[in-house]
Amino acid sequence: MAEIFKVLIVDDEPGMRSGVSRILNDFTVSLPDIKSEIKFQVIEAETAESGLTIIESQRPDILFLDNKLPGMSGLELLNIIAEKKIDILTVMITAYASLDTAVEATKNGAYDFLAKPFSPAEIKHMVRKACNRIVYKRQAKNLAEERKRVRFQFISVLAHELKSPLAAIQGYLNIVSDRVLGNELSVYDNVINRSLIRLDGMKKLIFDLLDMTRIESDQRRREFAQVNLCELAQKSIEASALIAKQQNIAINLDVRDDVVMQGDHTEIEIILNNLISNAVKYNKPDGKVDIKIAADDKKVVISVSDTGIGLKEDEIGKLFKDFVRIKNEQTRNILGSGLGLSTVKKLAQLYNGDISVKSEFTKGSCFTVELLKNSQEVLRDESSGNNILFKAD
Amino acid sequence: MAKKNCMILAIDDDPDVLNTLRIVLEANGYQMVEAYSAEEGLKKYKEKTPDFILVDMMMEAVDAGLNFVREIRLLNNKSPVYMLSSVGDNLNQTASYTELGLDGVLQKPVNSNTLLKIIQAKIKL
């Protein structure tokens, strides 16, 4: 199916108008970016005044505009179009010698100009160019709208995630303030504890959010150095040790102490922290966490498996998106920002790698992250054009 | 109706919101049954036939709270239903509370005195 673009020709010479009409009526443009072909419906106007009426009532896509017209001139019409912010792509038709008019017109918003006399091939070429431009502008506009929508959605979810702990804490403080349970302070222990836990969760959310936005916006300066994965993993295990101990969860680390990669210390730490703390948080009492880090010449493979609550098939698909938390009876009391795994995925991609998961519901999950050992070198090769295997984005 | 026979169903996906409501309600002699989703809420409703219902508007699914209210009203039930909402959650403007079968909306965090007054007025002790 063809898409129809409306073309308005404003010229006081009838021969010119009918000529353009004839050429464009059987002309078809196909562009690589859109599936349908473009065909043209030509509308003719003899004066700028009648042209304006048509522009306002029929909203043509392309305007061929002569400058020398009886009454209002072409340039004057162009000014009105600019003032009224009408979205139309204008091509000025000028006499061969009047380059000044052409320059003036482009300053006032005309897309291009066509000098008289022109051949059918020239006008076809111009129309094709104009179509390209219109389609490109349309796509840019759609993209901008999509961005705005995504941003709005992100902020709405973020606001909800921040409001929930606030409401919970406020509710608890009101209980204490109203002495709902009497004057003895110790009866409020649980209420105060839960408030502190929710505050911690909120703090974690803010940290995670900052981590994630820094990674996404490239604002954080990445400092590449030799990273020892054994040392970093031990540090991450320590961070989760307290909760693991409370639940009697054993953490095993299987890694050679000389496994190293080129990376940013903080980034690799975020990856390990998220994987290990998840494996502990979503485990069961007396459970197990197995961390295996292996490497070959090219890449490092980190796999963290747990004996926890596991995931259902449909949950796996959405797991790596922002703010996704799997909500069910088992996860109800586990706090999380919903940003951890989406951040790990973004980080892994910075190292030309990715994250994957295998899971069995109620039995446990195994998360595997692959990172390229020398992702910086790959990037360098790429910019010098030697390597097309790992193309950025 | 004596207070202790009064059953209140509270539905919210946040355990601390439920905990707060439970503390306030039980300290004032009511019984509370809780549910973490609209689905669970409907089940509990059928089991316990509560005298008063509190339901969160924004649970996992955006419209879960409203859909719950619709379902409850389809059961031709007259129990008072109040919706819990937090700042910025706007009710679908095209539908009024009464059209939805709601008795009212309470802002989170719920003021305990307001809540207790409403419950008392609605279940006419």
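How many salt bridges are there between chain B and chain A? The count is 3, where a salt bridge means a side-chain nitrogen of Lys or Arg within 4 Å of a carboxyl oxygen of Asp or Glu.

Before going on, a word on the model: it is predicted, so local features need pLDDT of at least 70 and side-chain atom pairs count only at pLDDT 80 or more, while totals for chains, interfaces and linings use all residues. Residues are numbered from 1 along each chain as its sequence is written, chains are lettered from A and ligands numbered from 1 in the order in which they are written, and side-chain values use heavy atoms, with hydrogens and water left out.

**Where the chains meet**

One salt bridge joins the side chains of B:Asp16 and A:Arg198, at 2.7 Å from N to O. On the chain B side that touches chain A, helix α1 (residues 15-27) gives the most, with 7 residues. Helices here are DSSP runs of H or I with at least four residues, strands are runs of E with at least two, and both are numbered from the N terminus.

Counting contacts (heavy atoms within 4.5 Å), the meeting place takes 20 residues from chain B and 21 residues from chain A. Together the two chains bury about 1,700 Å², with 54% of that on carbon and sulfur atoms. Buried area is the accessible area (1.4 Å probe) that two parts lose on being put together, summed over both. There are also 6 residue pairs in polar contact across the interface, both residues being at pLDDT 80 or more. A polar contact is a pair of N or O atoms within 3.5 Å; within protein, one must be able to donate a hydrogen and the other to accept it, and residues adjacent in sequence count only if both atoms are side-chain atoms.

**Chain B on its own**

Chain B has 5 helices and 5 strands, and from the N terminus on they run β-α-β-α-β-α-β-α-β-α. Of its 125 residues, 54% count as buried. Buried means under 20% relative accessible area, exposed means over 50%, and partly exposed is in between (1.4 Å probe, protein chains only). Take the contacts in chain B with a separation of 6 or more: 64% of them come from residues 24 or more positions apart.

**Salt bridges inside the chains**

The whole structure holds 30 salt bridges over all chains.

| Pair | N to O distance |
|---|---|
| A:Asp200 and A:Lys203 | 3.9 Å |
| A:Glu267 and A:Arg222 | 2.9 Å |
| B:Lys122 and B:Asp103 | 3.4 Å |

A:Asp200 and A:Lys203 both belong to helix α6 of chain A, 3 residues apart, which is about one turn of the helix. A:Asp200 is partly exposed at 47% relative accessibility, and A:Lys203 is partly exposed at 47%.

A:Glu267 is buried at 4%, whereas A:Arg222 is partly exposed at 28%.

In chain B, B:Lys122 lies in helix α5 (residues 112-123) and B:Asp103 in the loop between α4 (97-100) and β5 (104-107), so this pair links parts 19 residues apart in sequence. B:Lys122 is partly exposed at 33%, and B:Asp103 is partly exposed at 31%.

Salt bridges can also share partners: A:Asp11, A:Glu13, A:Asp66 and A:Lys116 are joined into one network that way. A:Asp66 is in strand β4 (residues 62-66) of chain A and is buried, at 5% relative accessibility. Leaving out residues up to four places away in sequence, A:Asp66 touches A:Val10, A:Asp11, A:Asp12, A:Gly74, A:Ile93 and A:Lys116.

**A tucked-in helix**

Why is helix α10 (residues 340-350) of chain A described as largely enclosed by the rest of the structure? Because 8 of its 11 residues are buried, among them A:Gly340, A:Leu341 and A:Val344. The buried residues of α10(A) pack against α6, α8 (265-281), β12 (354-360) and β13 (364-372) of chain A. Just after α10(A), A:Asn352 takes a positive phi of about 55 degrees.
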